[in-house]
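Have a look at the sequence and the structure first, then read on.

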Amino acid sequence: MAEAAKDLSTEKVTLDNLDPEEVKARIMAKYPPKVARKRSKQFVINKVGEDGKTPVINANVRTVPGLMGQRGCCYAGCKGVVLGPTRDIINITHGPIGCGFYSWLTRRNQTDPESTPDGHNFMTYCFSTDMQDEEIIFGGEKKLKQAIQEAYDNFKPKAIAVFSTCPVGLIGDDVHSVCREMKEKLGINVFGFSCEGYKGVSQSAGHHIANNGIFKHVVGLDDTIKEGKYRINLLGEYNIGGDAFEIERIFDKCGITQVATYSGNSSIDAFANSHTADLNCIMCHRSINYVAEMMETKFGVPWIKVNFIGAHATAKSLRKIAQYFGEQELIDKVEEVIAEELPEVEAACAEVRPRTEGKRAMLFVGGSRAHHYQELFGELGMKTLSAGYEFGHRDDYEGRKVLPDIKVDADSRNIEELTIEKDPERFNPRISEERKAELEKAGFAFNDYDGMMPEMPDGAMVIDDLSQWETDQLIKIFKPDLFCAGIKEKYTVQKHGIPLKQLHSYDYGGPYAGFKGAINFYHEIDRMVNSRVWEYMKAPWDKNPELAATYACD
Amino acid sequence: MKFAGKTDNYAATQNACNLCSPLGAALVFKGVSNCVPLLHGSQGCSTYIRRYMISHFKEPMDIACSNFGEHTAIFGGGANIKLAIDNIRSQYSPELIGIATTCLSETIGDDVPMFIRSYKEECEDKENLPALVHVSTPSYQGTHMQGFHGAVRALVETLAEAAETGDKPLLNLFPGMVSPSDLRLLKEIAADFGMEPVLIPDYSDTLNGPLWTEYQRIPEGGTTIEAIKSTGGAAASLECGMILAGEPETAGTWLDKKFSVPAHRIGLPIGIRETDKMMDILAEVSGNPIPDKYLGQRGRLLDAMVDGHKHLNGVKAALFGEEDLVAGLAAFCSEIGVIPALCATGGGAGRFEKTIKSVVPERIHRKMEIMEDVDFVTIEKALEKTGVDLLIGHSKGYAMSRRLKTPLLRVGFPVHDRVNGSRTLHLGYRGAQQLFDRIVNKIIEIKQDRSDVGYTYM
Ligand code: SF4
Ligand code: SF4
C-alpha cells in the first residue's frame, strides 16, 4: 500500500493501489440515487488534518429499509449488551417469545458468581412473559405481574428488571407502574426499561436507556466505601472471553481497586456503590459514557478514556490512571508491572510478526472495537484498509470535539436525556481545580475521546453501518487477508476464502485484553491468516488462473 | 394457536423450548432459488433471526427488513415495505421476495397484501418484477413451526399453476423442518423411484453449500419458481408431519382441493415404520418397485438393530423440541427398544399427546410423560422426578443436561454448540442408522465411563 504523505492535498491518496474515491463511486452507483446520497455521507475516505480534524461522517442514522445491516435493536442494546452481563439481576423480557429467546446466553460475557456471597447467577436463564394473542388484545400487565412474582418466588433475587419489546409500546402496557407496584410488594428492587426495538436506530438507543435506568434505580443506593487506595470503576468492558478477568488481574497486581465494572463480571451491589469510586475509566465510550457523565455531575467522579486492547495501549492506560492519582508509589508500581509483563508479550509478537507483517485487515464491529483492535493489528505489523462501526455516533469516529455540531434527528430525540443535578450531600469533587488544570496542561485528557478516524491513515475507508452487500463488494475488490465482524458476516466472508475473526464473541476464544490477551490474539491471528485450509480452496485439477481483482460491483 | 396458561403452575416462560414464527418463514424462503426473505417490522427481529439461523447452519443468511422506526410503528409500514423491496431489487435482483411479518407489524395491523398490490400497480418495470409472496407470522399466535408451514403454503398458494407435466411424474415433497442432509436424502429417494421431486423448501444447497469460486449474490440452490408453479400438475404430494396433518389447510390439502393433486400424509420418516410407509407411497405413486438399494439399507439397519439391541435394555430417554420431530423420534425410540419416558415440546398445536400415543405401544404409555406447550424449567422439574439415561433434542437442552448430569444427543434445530447441525441426518433408513449408532454408542460410553474396570471389550 502506498502510504500517502499527510496534508499533501495535491497528492492522490491510494488504498492498496486503488483509488478509494473511485471504489466508493462504483459501489454507490449501484444504489438508487436517494439511497446513494444517504450512504455517501456514511462512506468516507479518511484524511487527517491539523489538530486531528477529519472529514465529517454521518452516523447514528436509520438504516435504509432493504439494506441488510449488522445492527440489532434498542432492546438488544439495553437487555443484551448493558444489563445482560450482570449475573444477579433477573431480566424478564416482556413480549412475545422470540426476542427473549434470541438474547438467551448468546453473548459470551463471562462471570464469576463465587465472587459475591449469595452466588446468584441468572445469566443462564431466559425469562419471558411469552405474550399470546390474549395479551396483545387485552394488555399484558397482569401477566407481567405474575411473571415477576414467579421469578421472585422461585429465585429470591435481589433485583428484577423488565425489558419491553416492540408490541408492548403499542398496546400501551405501563411497565414502570407495574414495576413500582411489585417493588413495593416484594421489597426488592424492581425496575423497567422502555426499550422497545423500534426506538432509536440501533442498539445504541438501548445503551442510553439502560444507562439512564441503572443510574436512576441503582447507582447511589449504597454509600459504603470499599477499602483500597486507588479506587476506580471500569466502564464499557463486558468481559467477553474473560477480558475483564485479565484486566482485573493487572489492576490487582498494580494495587488498583475496582469498585465496579459496567458490566462484565458484575453484580448489582457493585453498581449501587460505584459512585464511591474516585475515577471512572471508560473502555467502550459508545455504550456507557452516559453513566460516567451523570456520575460526574451528581457525585463529582471524573472520567477518562482508556483502552486495554493492545499491549502498548494497556501500558498507556495504566500510566494514565497512575498519573491521575499522582502518587509516586502507584506510578512506580505500574512501571514495575509493565516492565514485568511486556517482555513476554514482545517475544510473542516478534515470533509471529514475520508472518503477519503487511497483511491487510478490515474491521466492522460495535461502537469501539473497530477502533481498539487496530492497536493489536498495528502491533502485528498489519494494515487496516477499512473500518467502521455498527452503532457508533459521530463522536466515536471524529472525537468528542464534534459533539456540539451533532444534529439530533427524530430517531434520537425521543431517547430520554436525564437532567442530573449535584447531589447536595454526596457531591465530592475528587480532584481540585488546580490539580486538574495542572494535569491538563501536561496533556492529560479528562472527559475526552479522540475517536477512531484521527488514528487511521489517510485514504483508509471509514464506513458507518456497513451492509451485507457492501461487505461482499469490499471483499471482492480488496481481497483483504482478514475481515473482522460478527457471526452474521462470518460465513459469507469465509465463502470467499478469507478468514473472518469474530470480534463480538471472539470465536469462542479470548481473552484478548491486557498483556496475556495480546499474546492470545497474536497467535490466533497468525493461525487464522496463515492456516493451510485456504490453500485447499483451489482443487489441484482446477487450472484456471485466478481472476484478477474484478472491479465490477454486482 | 397456543393454549392460554403455559403450564399448570406458571404464567410466564422460563427458558423456552420454541422459537418465533418469522424464523420458520425465513428458513422456508431460504429454500427457494434466487429468493431474498424480507421481514416486515423493526430490524432487531431480522438481525436476531439471521444470527440465530447462521449459528446453526454456519452459512450466509441474508434476511432483509423494512426497518420500522417509532414513526412507522405509529403510522404503518406501507412506505417502508416499498422502499425495502426497491432496495432489495437494486442490490440482489431476486426472482422472489418472501415477506413475513413480525409481531410489531401484526400488532399495528399492517395490511401487507394491500401494500403488495399497490407496489405492483405502481411499479414501472412490471416485466422485471420479482414474485412477491407474503405470509402472516405473528409470534403471539404460534411458534416457528407455524411460520414454517405457513410460508410453504403461501408459496404454493401464490405460485402454483395447473401446469403440464414433463416426461417424469412430478412429486411434491413437503418435508417439514429438517436438515439439509435430510433434504438431499429425500431428493435422492424420489429420483431413485424415477420421479421428479419438487421439494418445498429445499435449502440443501443454500444452507449447506461448498466454498465459492465466484461471488454469489444470492447463494445458489433452492427450488425454482418454475418448479413451484408446476406443483399444480404433480402426480402427488407427500407431506411429512403428523402434527401438521391435523392443520385444516396445508400446502398439500390446498393443492388437492384446487388442482386435485392427491395428498399423502405421513409422519416425519424417522425410523423403520414411517420410512416403510414413505417407500410404499412412492412405489404406488411412481408405479415402480422399491429400488434394491433401499432394501439393502433397510436390511443392514435391521441387522444393526438386532446386534446392538443388547445395549438398550431398559434405557430411558427424554425427547424434546419441535412437535413433529419429537413424534418421529418417539416412534423410532420405541422401535429400537428405548423407552421415550418423557416427550416434551414448546409447540402448542393441541395434538401432541394424541400423536405421541399413536406412535408408541400402549404398554409404554403409562410410563410416559407427555408435555405440550412447556418450557425447559418445567421439563427439568419433571425430569428430576422421572430420571432418564439420555436426552435427545437441540442445544438449548444443554443447561438442563449439565445440571442433571444426563448426556444430550443433539438433533433438530437449533444446534449451535456443535459443528454439524446442518449435516445431521434424521430421515430414511440411513438417518435411522445414524441415529441408532449414535444412541447406542452414547449408552455404551456412559456404561464404560461409569464402570470401575473400564472394559473396552463390549
Ligand atoms: S417481536 Fe415477534 S417476530 Fe420479533 S423477535 Fe420477537 S417474537 Fe420474534
Ligand atoms: S420485536 Fe422489537 S424488541 Fe423484539 S427483537 Fe424485534 S426489534 Fe427487537
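## A salt-bridge network in chain A

A:E246, A:R249, A:K253, A:E340 and A:E341 are tied into a network of salt bridges. A salt bridge here is a side-chain nitrogen of Lys or Arg within 4 Å of a carboxyl oxygen of Asp or Glu. By that rule, the tally over all chains is 57 salt bridges.

Before going further, a word on what you're looking at: this is a predicted model, where local features need pLDDT of at least 70, side-chain atom pairs count only at pLDDT 80 or more, and totals for chains, interfaces and linings use all residues. Residues are numbered from 1 along each chain as its sequence is written, chains are lettered from A and ligands numbered from 1 in the order in which they are written, and side-chain values use heavy atoms, with hydrogens and water left out.

## Other salt bridges within the chains

In chain A, A:D88 pairs with A:K158, with the closest N and O atoms 3.0 Å apart. A:D88 sits in the loop between α3 (74-83) and β2 (89-94), and A:K158 in the loop between α6 (141-155) and β4 (159-164), so this pair ties together parts that are 70 residues apart in sequence. (Helices are DSSP runs of H or I with at least four residues, strands are runs of E with at least two, and both are numbered from the N terminus.) How exposed is each partner? A:D88 is buried, at 0% relative accessible area, whereas A:K158 is partly exposed at 24%. Buried means under 20% relative accessible area, exposed means over 50%, and partly exposed is in between, using a 1.4 Å probe and protein chains only.

Chain B has its own examples. B:R403 and B:E380 meet through their side chains in a salt bridge of 2.8 Å, N to O. B:R403 belongs to helix α17 (residues 398-404) and B:E380 to helix α16 (residues 376-386), so the bridge links parts that are 23 residues apart in sequence. Of this pair, B:R403 is partly exposed at 38%, while B:E380 is buried at 10%. Then there's B:K257 with B:E249, where the closest N and O atoms are 2.7 Å apart. B:K257 is exposed, with a relative accessible area of 64%, and B:E249 counts as partly exposed at 26%.

## Where the chains meet

How many residues of chain B are in contact with chain A? The count is 66 residues of chain B, touching 70 residues of chain A, with contact meaning heavy atoms within 4.5 Å. The two chains bury about 6100 Å² between them, 61% of it on carbon and sulfur atoms. That buried area is the accessible area (1.4 Å probe) that two parts lose on being put together, summed over both.

For salt bridges between chain B and chain A, the count is 1. A:K495 forms a salt bridge with B:E59, and their closest N and O atoms are 2.8 Å apart.

Just after α15(A) comes A:G381, which takes a positive phi of about 75 degrees. A:G381 lies in the loop between α15 (369-379) and β11 (383-388), and is buried at 12% relative accessible area. Leaving out residues up to four places away in sequence, A:G381 touches A:R353, A:T356, A:E357, A:G358 and A:K359. A:T356 is 25 residues away from A:G381 along the chain, yet their C-alpha atoms are separated by 6.5 Å.

For B:C35, the nearest is that of B:C65, 15 Å away. A:C281 is buried at 0% relative accessible area, and B:C35 also counts as buried, at 2%.

Technical notes: Disulfide = S-S within 2.5 Å.
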